Amino acid sequence: MTEWTAADLPTFSGRTVIVTGANSGLGLVTARKLARVGAKTILAVRNTAKGDEAAATITGDVEVRKLDLQDLASVRAFADGVDGADVLINNAGIMAVPYAQTVDGFESQIGTNHLGHFALTNLLLPKITDRVVTVSSMVYLFGYISLKDLNWKSRPYSAWLAYGQSKLANLLFTSELQRRLDAAGSAVKAHAAHPGYSATNLQGHSGRRLGDALMSIGNRLATDADFGARQTLYAASQDLPGNTFVGPKFAMRGPTGRVALRSPLARDTKKATALWELSEQLTDTKFAL
């Protein structure tokens, strides 16, 4: 690991990058840094008015397009409008929110953080030339994938366990995507990254006063969005083996580099394949290479 920062980004001139959830937080910083080094950067956002406000703060070739990951029709419309891209960054997410359902009836956290990005990646994959980077979280360690009840219709809902499940799904998705890319003889790579703990607007939406207050206190100890986005940018720009997981050396802080170990649940290849197959059924999308 080295003291790599966004100042070390190589040129992205002539390259197109899609960043989901790029109107604020880690996504906005990620988009801003990539545009600075010459990337044509597509801000894929649910609220285009906020996307336009974010784009106005970025210098470079920036385009705002509507994408609502909680609505598969929106995901399909977005993918249909993309001619091609070099890098897809699955950054958008929600965290520890009260129970809600997406337009398609998915629990909102697995629907946004995993299933929406799963569908988006499959639909865009024939148009991607370099890599897919999916932003996970160390909270994946508290996650468990329930293939029988992925959408929390039978078990009592827990906002944090649902978030952990979605972030574990991000890692299983990445490993299974890379396995399929390798089997297809594709040069495209799949990577994951986690920001450590960065203070962004992701926190504070639990719907519980105490929980939101604790996260507010935690934010005072957290790193900033620049540090969190650094992990994503490293995964998006460096020459890495497929299925690399990037993050700070000491989980929350420290130099950026490859995460050496993943939990046994995150290395479960059978569960990764089963989750992929279930996700295909739920989203009606398939690996397209």
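Which residue in β6 does V133 stand opposite? V133 stands opposite H191.

This is a predicted model, in which local features need pLDDT of at least 70, side-chain atom pairs count only at pLDDT 80 or more, and totals for chains, interfaces and linings use all residues. Residues are numbered from 1 along each chain as its sequence is written, and side-chain values use heavy atoms, with hydrogens and water left out.

## Overview

The protein chain holds eight helices and eight strands. Helices (H or I, at least four residues) and strands (E, at least two) are DSSP runs, numbered from the N terminus. Of the 289 residues in the chain, 57% are buried. Buried means under 20% relative accessible area, exposed over 50%, and partly exposed in between (1.4 Å probe, protein chains only). Among contacts in the chain between residues at least 6 apart in sequence, 72% join residues at least 24 apart. A contact means heavy atoms within 4.5 Å.

## The sheet

The eight strands form an open sheet with mixed pairing, in the order β3-β2-β1-β4-β5-β6-β7-β8. The edges are β3 (62-66) and β8 (256-258); each has a single partner strand, so one side of each is left without a neighbour in the sheet. From one strand to the next, the twist averages 20°. Two strands pair if DSSP finds at least two bridges between them. Strands of a sheet pair through backbone hydrogen bonds, either parallel or antiparallel.

| Strand pair | Sense | Bridges | Facing residues |
|---|---|---|---|
| β1 and β2 | parallel | five | V17 and T41 |
| β4 and β5 | parallel | five | I89 and V133 |
| β5 and β6 | parallel | five | V133 and H191 |

Strand β1 (residues 16-20) is mostly covered, with five of its five residues buried. T16, I18 and T20 point one way from β1, while V17 and V19 point the other way. In a regular strand the side chains alternate between the two faces of the sheet.

Strand β5 (residues 128-135) is also mostly covered: seven of its eight residues are buried. T134 lies in this strand. T134 counts as buried because its relative accessibility is 2%. Beyond its neighbours within four places in sequence, T134 is in contact with N90, N170, F173, T174, H191, A192 and A193.

Not counting residues up to four places away in sequence, R65 touches I42, L43, A44, V45, T48, F78, G81 and V82.

Axes are lines fitted to C-alpha atoms, for helices over the stretch in contact, and angles run from 0 to 180 degrees between N-to-C directions.

Which residues of α2 are buried? They are G51, A54 and A55. Seen down the axis of α2, these fall within an arc of 95°, so they line one face of the helix. The arc is that of the directions from the helix axis to the C-beta atoms. The buried residues of α2 pack against α1 (25-36), β2 and β3. N47 caps the N-terminal end of α2, with a side-chain oxygen 3.0 Å from the backbone nitrogen of A49.

Helix α7 (residues 225-237) lies across β4 (85-90), β5, β6, β7 (245-248) and β8. It runs at about 150° to β5.

## Nonpolar cores

A nonpolar core is a set of buried Ala, Val, Leu, Ile, Met, Phe, Trp, Tyr and Cys residues joined through side-chain atoms within 4.5 Å. The largest has 43 residues, of which I18, F78, L124 and L177 touch the most other members. Elements giving two or more residues to this core include α3 (72-80), α4 (108-124) and α8 (269-283). Helix α5 gives the most, with seven residues.

Leaving aside its neighbours within four places in sequence, L177 is in contact with T121, L125, V132, A190, W276 and F287. A second, separate core of 28 residues includes F12, V45, I58 and I89.

How values were computed. A polar contact is a pair of N or O atoms within 3.5 Å; within protein, one must be able to donate a hydrogen and the other to accept it, and residues adjacent in sequence count only if both atoms are side-chain atoms.
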